[in-house]
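Reader: I have a new structure open and would like to talk it through. Can we start with the side chains and then look at the backbone?

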Amino acid sequence: MEYENKLVLAPMVRVGTLPFRLLAADYDADITYAEEIIDHKIIKCERIVNDYIRSTDFVEKGTDNVVFRTCNEEKGRVVFQMGTSDAVRALKAAQLVCKDVAAVDINMGCPKSFSVSGGMGAALLTKPDLIHDILTTLRRNIDTPVTCKIRLLKSSQDTVELARRIEKTGVSALAVHGRQVADRPRDPAKWNEIADVVSALTIPVIANGDVFEYDDIQCIKVATGASSVMVARGALWNASIFSPNVKAHWEDVKKEYVRKSILWDNDVKSTKHTLKEMIMHYSCLEFPEGKAIIKSQNLVDLAKVYGDEEYYESVRANRIALDRHA
């Protein structure tokens with residue numbers, strides 16, 4: 001997979017499932033990261049081809065719990081992002097999914113306590129030897145491209161030094177979020193420190209942080225020198241941010257997302273979470289729409305909220321017909 005001059009959907013927990021990744025791709029995202037999945041979780045799964053909805057599912061053994069769902073349509077652009085703190089476990093997880101994805105990424109930037117307390121995410125930033133062990137183990141044993149995503153360290157010099165060590169492992173690209181672990185989302189991203197990393201490396205650097213409109217994409221490119229840009233909240237609020245055309249209205253994007261969630265039988269909790277995040281940015285959950293989403297128990301309920309009962313039934317009817325012909 002190429003990493004130069006790409007628009008990238010960032011990994012977002014409970015958001016970056018298959019429907020949202022396909023939605024972003026429809027609006028010209030070149031690379032779409034899946035939500036972070038912990039190595040322990042994926043190695044408990046078995047790979048199942050789901051003929052019912054034409055997806056490839058990684059399902060927790062002994063349950064119906066779909067941990068990761070993908071499809072052929074996104075095979076050339078989906079990145080499986082993993083949370084790990086152990087090279088052997090990381091390899092086992094990567095080997096399970098690597099034939100179905102375009103790349104495998106190691107999360108080294110998540111500051112959340114569940115990740116850091118397990119030695120994963122941002123906890124890795126202070127363990128360069130472990131980083132080297134994980135990345136070189138993956139590089140030597142799988143053919144799929146390997147990348148990672150980091151945050152800024154306490155000084156730009158420290159970040160550059162770590163980035164250089166990461167580059168030496170042979171990764172295909174490095175994504176850099178322009179905030180330190182202690183920074184909050186409201187704190188401005190330090191584009192100048194991403195620029196220091198870009199100028200120090202020869203591999204592609206994907207710049208991430210404070211991209212909320214399409215015009216911001218060009219701004220962060222100019223400020224950092226990075227040719228590729230990763231978008232998180234800006235895409236969550238309106239996935240059409242990737243499109244050079246006129247920005248779609250968020251209400252229309254939201255309805256497209258609901259339909260894709262129905263089509264790909266997305267987990268209702270994930271769908272509800274994503275819808276609530278969209279609504280809270282533009283409106284309020286106390287209005288009837290928000291209350292109806294909160295009360296929804298399944299995708300049928302969500303279809304009713306958006307007047308999509310007929311679409312839901314047509315999808316269901318098509319699946320039944322395909323199942324009969326199988």
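**Aromatic pairs and backbone angles**

Author: This is a predicted model. Y257 is buried, at 0% relative accessibility.

Reader: How many aromatic pairs are there in the whole structure?

Author: A search of the whole structure gives five aromatic pairs. In one of them, F20 and Y257 have ring centres 5.9 Å apart and planes at 70 degrees, so the pair is edge-to-face.

Reader: Why edge-to-face?

Author: Because the planes are at 70 degrees, and over 60 counts as edge-to-face.

Reader: Which helices do F20 and Y257 lie in?

Author: F20 lies in helix α1, residues 18–26, and Y257 in helix α10, residues 250–263. The pair therefore ties together parts that are 237 residues apart in sequence.

Reader: And F20, buried or exposed?

Author: F20 is buried, with a relative accessible area of 0%.

Reader: Which residues do ring pairs link into a cluster?

Author: F58, F68 and F80 are linked into a cluster by ring pairs.

Reader: Backbone now. What is phi of D28?

Author: Near 85 degrees, which is a positive value in a residue other than glycine. Most residues other than glycine have a negative phi.

Reader: Where is D28?

Author: D28 is in the loop between α1 and β2 (31–33). D28 counts as partly exposed, at 37% relative accessibility.

Reader: What about phi of D265?

Author: Phi of D265 is near 50 degrees, a positive value, and D265 is a residue other than glycine. D265 sits in the loop between α10 and α11 (268–282). With a relative accessible area of 38%, D265 is partly exposed.

Technical notes:
Residues numbered from 1 in each chain as written. Predicted model: local features only at pLDDT ≥ 70, side-chain atom pairs only at ≥ 80, totals over all residues. Heavy atoms only, no water. Phe/Tyr/Trp six-rings, centres within 6.5 Å; stacked < 30°, edge-to-face > 60°. Helix = DSSP H or I, 4+ residues; strand = E, 2+ residues; numbered from the N terminus. Buried < 20%, exposed > 50% of the residue type's maximum accessible area, 1.4 Å probe, protein only.
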